[in-house]
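Here is a short tour of a protein model for someone meeting it now. Have a look at the sequence and the structure, then read on.

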Amino acid sequence: FSNVENIMFPNENTGYAVAWSGIIIKTTDGGSNWLTKSSGTAEHLYSVYFINDSNGFAAGWNGTLLKTTDAGETWIAQVSGIDDVLLSTCFINDSIGFISGFDGQLLKTTDVGNNWFIQSAGIGLLIPRIKFINEANGFAVGQDGKIGKTTDGGITWSIQYCGTEGQLINLFFIDSNVGFIVGKFGVIYKTTD
C-alpha cells in the first residue's frame with residue numbers, strides 16, 4: 001500500500017492502519033498479517049482511532065468521516081460538516097472526542113461520535129495532531145509554531161509558542177508533565193511542566 005498515514009492498536013493483537021484511496025487494513029495477530037477492509041470510500045484517509053476494541057473512527061480528505069461499531073469489519077459514513085481534510089482523532093473518554101483539520105477547526109462529539117459539531121481552536125490554518133493527557137488538559141499543534149492548549153476539556157483554547165515559526169507536525173506525552181513536539185526541518189521541543 002502506498003501512503004499509509006496512520007496506525008493504531010487498541011490492544012496488543014488487533015491493529016488498524018489507514019492510507020490513501022480509502023484503504024483500511026486490519027491485523028488480529030499483532031501485525032504479522034494484514035487484511036483489507038472495505039471502507040466505502042475512495043478518499044484519502046489520514047487518521048484512525050479506536051475508543052475500545054469495537055468502536056472506532058477513520059477520517060480524511062474532503063471531510064470524510066467513518067465509524068465502526070464492530071471492530072472494523074464494517075464502516076459507516078458520517079456527516080462531518082467540514083469539506084476539507086480531517087487529520088487527527090483523539091478521545092478523552094468513552095464519549096467525548098475531537099478530530100482536527102484545516103482552517104483551525106475541530107470537530108467535537110460528546111456522544112461517542114453519533115453527532116459532531118464544529119468549533120475553532122484558533123491556532124492557525126492547519127492542525128496536524130491533537131492529543132489529550134487527561135480529560136481536562138489537551139494540546140493541538142499547528143502552523144507558525146503555534147500550540148493550542150486547553151485546560152477545560154476543549155471548551156476553550158489558548159495559544160502558546162515553542163520558539164519556531166515553522167509547521168509543527170506531531171506531539172507525544174510520556175506523562176502529565178513530560179511531552180515532545182516535532183516539526184518540519186528536524187525541530188524537536190520538550191516540555192517538563
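How do the residues of the lining of the largest pocket divide into nonpolar, polar and charged? There are nine nonpolar, six polar and three charged residues in that lining.

## Before you dig in

What you are looking at is a predicted model, where local features need pLDDT of at least 70 and side-chain atom pairs count only at pLDDT 80 or more, while totals for chains, interfaces and linings use all residues. Residues are numbered from 1 along each chain as its sequence is written, and side-chain values use heavy atoms, with hydrogens and water left out.

## The largest pocket

Rolling a probe the size of a water molecule over the atoms shows where empty space is left. Here, about 310 Å³ of space lies in the largest pocket. A pocket is an open set of points on a 1 Å grid over the protein atoms alone, where a 1.4 Å probe fits, with protein on both sides within 12 Å along at least five of seven lines. Grid points are joined across faces, edges and corners, and the volume is the space filled by probe spheres set on the points.

The pocket has 18 lining residues, and a residue counts as lining if it has an atom within 4 Å of a point. Nearest the pocket's centre lie Phe-139, Gln-160, Phe-173, Thr-191 and Asp-193. Four strands each give at least two residues to the lining: strand 15 (146–150), strand 16 (158–161), strand 18 (179–183) and strand 19 (188–191). Strands are DSSP runs of E with at least two residues, numbered from the N terminus.

Side chains of opposite charge can pair when their charged atoms come close. The term salt bridge is used for a side-chain nitrogen of Lys or Arg within 4 Å of a carboxyl oxygen of Asp or Glu. By this rule, the model has two salt bridges. In one of them, Glu-73 pairs with Lys-26, and the closest N and O atoms are 2.9 Å apart. Glu-73 sits in the loop between strand 7 (65–68) and strand 8 (76–78), and Lys-26 in strand 3 (residues 24–27), so the pair ties together parts that are 47 residues apart in sequence.

Glu-73 also forms a salt bridge with Lys-37, again with 2.9 Å between the closest N and O atoms. This pair links distant parts of the chain, 36 residues apart, with Lys-37 in strand 4 (residues 35–37). Through shared partners, salt bridges join Lys-26, Lys-37 and Glu-73 into one network.

How much of each partner is covered? Buried means under 20% relative accessible area, exposed over 50%, and partly exposed in between (1.4 Å probe, protein chains only). Lys-26 is buried because its relative accessible area is 10%, and Lys-37 is buried at 16%. Glu-73, at 38%, is partly exposed.

## A nonpolar patch outside

On the surface, Ile-7, Phe-9 and Trp-34 form a nonpolar patch with about 260 Å² of accessible area together. Patches are made of residues with over 30% relative accessible area and no salt bridge; like charges are joined within 9 Å, and nonpolar side chains (Val, Leu, Ile, Met, Phe, Trp, Tyr) within 5 Å. The areas come from the Shrake-Rupley method with a 1.4 Å probe, and for residues only the protein chains shown count as cover.

Phe-9 belongs to the loop between strand 1 (4–8) and strand 2 (15–19). With 33% relative accessibility, Phe-9 counts as partly exposed.

## Loops with positive phi

Where is Ser-21 found? Its place is the loop between strand 2 and strand 3. Ser-21 has a phi near 60°, a positive value in a residue other than glycine, and it counts as partly exposed at 45% relative accessibility.

Asn-62 has a positive phi too, near 55°. Asn-62 is in the loop between strand 6 (56–60) and strand 7, and it is partly exposed at 40%.

## A buried strand residue

Phe-50 lies in strand 5 (residues 45–50). With a relative accessible area of 2%, Phe-50 is buried.

Notes:
Nonpolar A, V, L, I, M, F, W, Y, C, P; charged D, E, K, R; others polar.
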